[in-house]
Amino acid sequence: MVFILHISVQNVLGVIVPKKEAESVRRRLLQSGLLLKDYQPIRDGDHVIFPVSSCPDGFECVEREFPVRKKKPRSLEEALREFLPEDAVQHVVKSFDIIGHVAVIRVPDELWDLREKIGEAILRVHPNVRTVAAEVGPHQGVFRVQPVEVIAGEPNLVTEYREFGVRLRLEVGKTYFSPRLSYERYRIAKQVRPGEFIAALFAGVGPFPLVIHRFQPNIRAYAVELNPDAYKYLVENIRLNHAEGKIEPILGDVRDVVPERYPHRADRVLMPSPILAEDFLDVALAATKPSGAIIHTYALGPNKDPFAEKEYEILRYFNEQGWDAKILNKRVVRSYSPRLDQVSFDVFVKKRE
Ligand SMILES: C[S@@+](CC[C@H](N)C(=O)[O-])C[C@H]1O[C@@H](n2cnc3c(N)ncnc32)[C@H](O)[C@@H]1O
């Protein structure tokens, strides 16, 4: 396969200028429009040779090979064309997450041997990306982490991501985090009233409670996380965002922590995990204030009708447990897979007398 047709030098007319006059002559050539900006000047002993379209009066000119300036590609597609054959360019997945300095991409199996070139193309077009990692499996296990492999740039997956002024440090591949849930975090944060007590279950590195705290600092929250790596960053992120004393990080299983530490205390319960949430509705109720509270729960539903079945199951479960329940709001958060959508439900619950 032929990858690159990149001509690095070309024969062009050059004006010879003594080194000490180089800067002033360069400016004059630029003003007069004679300087060819696509080529790099070359040094020759005590002289600099500038590439020009025609020889200016009073100067000596020669024909020389000038290095061609590498132009920054304007799009990923353009960058990929520098590195890959055309038919491969069409198969590269063009949308991917950027988490701080790390880009996380999915490389189709048929392009796996070209992964390093794809990574280089991404580095060329995104100046803030310093590491490109490829997914090497789906999100997995209870920690919901996704294994990745660095394919270009620095081998450093510890990164800092910013959202609404919130700083989030995390390690890609060892902790769960999705920038795609940014609006969902904002949407919930805007509902929070001063003085609320919040149970942030499945807290990860802390994005939900920290975005809430950013918009409504007058809260108390506890954030429970099982993955020790994620918990380490949760603690760090609470400190980085000056939320100590407001958000209490707890390492452990929500099923043990909630009933032992904070039974029936929360005005608002967050369960931001569509895979786990439905198996932990009992824990959500154990966290909830009997006089009335909001539970934000998540599920996966078929994209033709993602709500109906899950809504019915959630309401039935709460009712069976002796709680009145009403859906205040439901929405598709994002497409999860070709057939499934991630949906959210804001449910008001109140213990029946
Ligand atoms: C889908 S991630 C969501 C993380 C975070 N809320 C976010 O949006 O980035 C689910 C998180 O729940 C944690 N987790 C899984 N089971 C848990 C349990 N029983 N108790 C506490 N945390 C748990 C996982 O380690 C993971 O970090």
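**Sheets, ligand and domains**

Analyst: In this predicted model, β16 pairs with strand β17 (residues 340–351) in the antiparallel sense, over eleven bridges.

User: Which residue in β17 is the bridge partner of Asn329?
Analyst: The partner of Asn329 is Asp346 in β17.

User: What is the strand order of the sheet that holds them?
Analyst: The order is β13-β12-β11-β14-β15-β17-β16, in an open sheet of seven strands with mixed pairing. At its edges are β13 (247–251) and β16 (323–335), and each of these pairs on one side only. From one strand to the next, the twist averages 20°.

User: In which sense do β12 and β13 pair, parallel or antiparallel?
Analyst: β12 and β13 are parallel and share five bridges. Within this pair, Glu225 has Leu251 in β13 as its bridge partner.

User: What kind of unit do β12 and β13 make with helix α7?
Analyst: Together with helix α7 (residues 228–240), the strands β12 and β13 form a β-α-β unit, and this unit is right-handed.

User: Let us change topic. How many residues surround the ligand?
Analyst: The ligand is surrounded by 22 residues, and the closest are Tyr176, Phe202, Gly204, Leu226 and Asn227.

User: Which elements supply at least two residues of that shell each?
Analyst: Those are α6 (207–215), β12 (220–225) and α8 (254–261).

User: How do the shell residues divide into nonpolar, polar and charged?
Analyst: The shell around the ligand has 15 nonpolar residues, three polar and four charged.

User: And which domains does the shell draw on?
Analyst: At least three residues come from each of domain 2 (76–156) and domain 3 (178–351).

User: What domains does the assignment give for the whole chain?
Analyst: The domain assignment lists domain 1 (9–67), domain 2 (76–156) and domain 3 (178–351).

User: How far apart are the C-alpha centres of domain 2 and domain 3?
Analyst: The two centres lie 31 Å apart. Five residues from domain 2 and six residues from domain 3 take part in the contact. On the side of domain 2 that touches domain 3, three residues are nonpolar, none is polar and two are charged.

User: Back to sheets. What is the order in the sheet of four strands?
Analyst: This open sheet has the order β5-β6-β7-β8, and its pairing is mixed. β5 (97–99) and β8 (148–153) stand at the edges with a single partner strand each, so one side of each has no neighbour in the sheet. Neighbouring strands here are turned against each other by 30° on average, direction ignored.

User: How many bridges join β5 to β6?
Analyst: Three bridges join β5 to strand β6 (residues 102–105), and the two run antiparallel. Ile99 stands opposite Val102 in β6.

User: Which helix packs on that sheet?
Analyst: Helix α4 (residues 115–125) does, touching β6, β7 (131–135) and β8. The direction of α4 makes about 60° with that of β8.

Terms used
Residues are numbered from 1 along each chain as its sequence is written. This is a predicted model: local features need pLDDT of at least 70, side-chain atom pairs count only at pLDDT 80 or more; totals for chains, interfaces and linings use all residues. Two strands pair if DSSP finds at least two bridges between them. Axes are lines fitted to C-alpha atoms, for helices over the stretch in contact, and angles run from 0 to 180 degrees between N-to-C directions. Two residues are in contact if their C-beta atoms, placed from the backbone, lie within 7 Å. A residue is near a molecule or strand if its C-beta atom, placed from the backbone, lies within 6 Å of it. Ala, Val, Leu, Ile, Met, Phe, Trp, Tyr, Cys and Pro count as nonpolar, Asp, Glu, Lys and Arg as charged, and the others, Gly among them, as polar. Domain bounds come from an automatic or database domain assignment. A crossover is right-handed if, with the strands pointing away from the viewer, the path from the first strand over the helix to the second runs clockwise.
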